[in-house]
Amino acid sequence: VAALSLQWIDPLGVGKITIFETDSVETPYASEFPAFLALGVVGGLLGAAFVHLNVRISARRQEGVLSRRPVLVVAEVAAIALVTAATNWPLLFTRYLPDRTIRLLFMGCGSSPTDID
């Protein structure tokens, strides 16, 4: 129902349901499925751990808790910014904005990331 609604409304004005579209004529090999399964399991476990930690951290950050002093809030924001910068900068695909990253992911293997601006 959602796909038909998006085709009928055409919110992007390009006649497609998504901004980026790719066509692949190759079918995946059976040997590739365990890797995708493992990727899904690891992603699910990491997501569950993130939600669990987020709930615990949010409970400690409630109003009225003594550890919510302004200096600690600024230190927390600075620490998050530092960790985000340190973990994202070394990876090529996390340096760019999402639209550029998606275009890079769909480029052919013969192209280099410097070919796109």
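Which residues form a nonpolar patch on the surface? The patch is made up of L12, V14 and I19, which together have about 280 Å² of accessible area. Patch members have over 30% relative accessible area and no salt bridge, with nonpolar side chains (Val, Leu, Ile, Met, Phe, Trp, Tyr) joined within 5 Å and like charges within 9 Å. A salt bridge here is a Lys or Arg side-chain nitrogen within 4 Å of an Asp or Glu carboxyl oxygen. I19 sits in the loop between α1 (2-9) and α2 (33-60), and I19 counts as exposed because its relative accessibility is 60%.

The model is a predicted one, so local features need pLDDT of at least 70 and side-chain atom pairs count only at pLDDT 80 or more, while totals for chains, interfaces and linings use all residues. Numbering starts from 1 along each chain as its sequence is written, and side-chain values use heavy atoms, leaving out hydrogens and water.

As for the fold, the protein chain has 4 helices and 0 strands, in the order α-α-α-α from the N terminus on. Helices (H or I, at least four residues) and strands (E, at least two) are DSSP runs, numbered from the N terminus.

On confidence, pLDDT (the predictor's confidence in each residue, from 0 to 100) averages 79 over the protein chain, with 82% of residues at 70 or more. Helix α2 has the highest mean, 92, and α4 (residues 98-105) the lowest, 72.

Terms used. Accessible areas come from the Shrake-Rupley method with a 1.4 Å probe; for residues, only the protein chains shown count as cover. Buried means under 20% relative accessible area, exposed over 50%, partly exposed in between (1.4 Å probe, protein chains only).
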